[in-house]
Amino acid sequence: MTFKFVSKRILMFFIVVLVASSVNFFIPKLVPDTDPVSIRMMEIADQGGVYDEGMKAVADEYFKMFGLDQPLWKQYLFHLRDAATFNLGVSFTYYPSTVMGMIWDALPWTFGLLFTATIMSFVIGGVVGALLGWPYAPRSLRYIVPPLFLFSAIPYYMLGLLLIYVLAYWLPLFPTAGGYQIGEIFNFGWGRMVDIIHHAALPALSIVIAEFGIRSLVTRGMILSLYGEDYIKLAEAKGLPNSRIFMWYGIRNTLLPQFTILALHLGHIASGAIIVEIIFAYPGLGNLLRDSVQAFDFPVIYGIVYFLILSIAVATLLLDFIYPIIDPRITYED
Amino acid sequence: MKKIKELIKKYPILSIGILVLISPLVFSGVGHLFIDTGKAEALSVVPRLGPNSELWLGSDMHGRDLFAVAVAGIPLTLYVGFLAGIISLGVGIVLGFLTGYLGGWLDDIVRLFTDSLMTIPSIAVMIVLAISIEENITLNQMALVISSLAWMGPTRVIRAQVLTLKERPFIEVSRLSGMNTFEIIFQEILPNMLPFLAASFTGAVTGSILASVGLEAIGLGPMADPTMGMTLYWAISFTAMLAGMWWWWLPPIIVIMIIFSGLYLIAAGLDKIANPRLEGPQA
């Protein structure tokens, strides 16, 4: 890892974060008539507040409170400072809950779902893809599996809807929505764990089925290119059993490149998972995002968007830095 | 006719893919002859009816004739995807050629931005853009919103191709024979990249339809247009699944699956042309 690589990578990270926070700041400003104060005043009026001179004073007070009476560049700097310190403001709808607090409540659900589904799709897709590229794998596999790749062409949320219909409505094996049984006291224990897994099964399955195709295509390509390598020939010449060559000489060498692919795909996976959560009303960030979009709860929307982009950027950065440590052949020299 | 047959024989997967992709359009074109697409608007027929001889795909909660919705909505869904795909590919071609062919500091900057933006979960930024647009987003605005975060893929692919092509001997020959940069780009490099351009266009269209249906399904689409994603949005918000109204949510899903399968087959077919080495195991 050269200094040049590290500094470039960190620069990229800051560009992403800067773009994320600037999008949140400038895009709403480009649109006329949507300054948050007038929206808030209209909401107050909707809720039965009265129109009189007092409203003007309240509006001015709001403007001052949020620094909206300052020049634009100053507002932007304040915005960046707040973004850097995770001061994302308070929700309009659930005032006075802070946006950060709401995100923290939803985060474990999203993280758990994404983490398990991603690992599962990597393991299943990796093994199946490797078998597809392996010359000694059963031939029938080559006719059964490729049609399954069509699933990877279908959006996550379509699969989600179909799974709801088949496995939750038609055969009521799984719950149709939610993250846990509603109406029970929320405590942690075995029954609770089973309940959570039961609720997470369908959303996770729709991510796994959709991701599995891409994963196995990638691994298949890697195995195909490995097969001409000398060390595989040597292992064969030594008379090692095929299964052993497959596991320890084949699959093992496809594991590392998967990390880079994972790093590039995290954003894509997260985008899909947001919509899957919405379809299944899963209590994570996606669902919170949908609710706040419907309620025009702008601070929460911008907060989630910023937080999502930031966390994906951090994860990608970490993966990129871990990669040369686990694979000593990678030096990142230009 | 004979030529088409030969092409089908030579590129079977690609041809099947194109046929599959066109089939919803054909359905819609034929449908236009039989049905009044005005019935795709709310309150035009009796709501909540199952399929019958009058309403072939029934009607939804708002009284839209769902067969008319399918007929009118399929071209709209494809339109958004193709428009966004064309914009992204256009940006990709311009940036890819500028950076790949000229190199230098411009290359460094554009690459820094493409690499950085690639990792952003695009749906998040699209949501911010879409909610910021006044109440009703139009189909064209949607295409613009989507392409604002879909140009990085084509840019990268095209840049990489330009980099490898510009070192080939035939480019050197055309430079020595006095062609200027523009002639080299348009007459020598571009024609050699057609399979790659087609592949990245297919990728961009796939991503754009994915994004547009996703945005629509969560309620950020054009409320008045009967696109497939909006139909899904209404179906989801009235829990059509659990109400047993399969004629409401199933057709848009089937149409979207057909579109994506077609695009997938086209991509696979183009891949075989662009990278002939990607055949199966040789044992």
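Two residues are in contact if their C-beta atoms, placed from the backbone, lie within 7 Å. This is a predicted model, in which local features need pLDDT of at least 70 and side-chain atom pairs count only at pLDDT 80 or more, while totals for chains, interfaces and linings use all residues. Residues are numbered from 1 along each chain as its sequence is written, and chains are lettered from A and ligands numbered from 1 in the order in which they are written.

**View 1. Where chain B meets chain A.** The contact draws 39 residues from chain B and 46 residues from chain A. On the side of chain B that touches chain A, at least two residues each come from α4 (104–118), α5 (122–132), α10 (194–217) and α12 (246–274) of chain B. Helices here are DSSP runs (H or I, at least four residues), and strands are runs of E with at least two residues, numbered from the N terminus. With nine residues, α5(B) gives the most to this side of chain B. Sorted by class, the side of chain B that touches chain A holds 30 nonpolar, seven polar and two charged residues; Ala, Val, Leu, Ile, Met, Phe, Trp, Tyr, Cys and Pro count as nonpolar, Asp, Glu, Lys and Arg as charged, and the others, Gly among them, as polar.

**View 2. Chain B on its own.** Chain B has twelve helices and zero strands, and its C-alpha atoms fill a box of roughly 75 × 50 × 40 Å along the principal axes. Of its 283 residues, 47% are buried. A residue is buried if 20 or more other C-beta atoms lie within 10 Å of its own, exposed if 12 or fewer, and partly exposed in between, with C-beta atoms placed from the backbone. Take the contacts in chain B with a separation of 6 or more: 70% of them belong to residues 24 or more positions apart.

**View 3. Helix α7 of chain B and what covers it.** α7(B) has 15 residues and reaches 21 Å from its first C-alpha to its last, close to the 21 Å expected; the expected span is 1.5 Å times one less than the number of residues. Among its buried residues are B:Met152, B:Arg156, B:Arg159 and B:Val162. The cover over the buried residues of α7(B) includes α3 (66–102), α4, α9 (181–192) and α10 of chain B.

**View 4. The pairing of α7(B) with α10(B).** The axes of these two helices come within 9 Å and cross at roughly 165°. Axes are lines fitted to C-alpha atoms, for helices over the stretch in contact, and angles run from 0 to 180 degrees between N-to-C directions. α7(B) and α10(B) are therefore roughly antiparallel to each other, a label for angles over 145 degrees. On the α7(B) side, B:Gly153, B:Pro154, B:Val157, B:Ile158 and B:Gln161 meet B:Phe196, B:Ser200, B:Gly203 and B:Ala204 in α10(B). Five of the residues in this contact are nonpolar, four are polar and none is charged.

**View 5. A:His198 in chain A.** A:His198 sits in helix α9 (residues 190–226) of chain A. Because 14 C-beta neighbours lie inside 10 Å, A:His198 counts as partly exposed. Leaving aside residues up to four places away in sequence, A:His198 touches A:Phe174 and A:Pro175.

Definitions and conventions. Angles under 35 degrees count as roughly parallel, over 145 as roughly antiparallel, 65 to 115 as roughly perpendicular and the rest as oblique.
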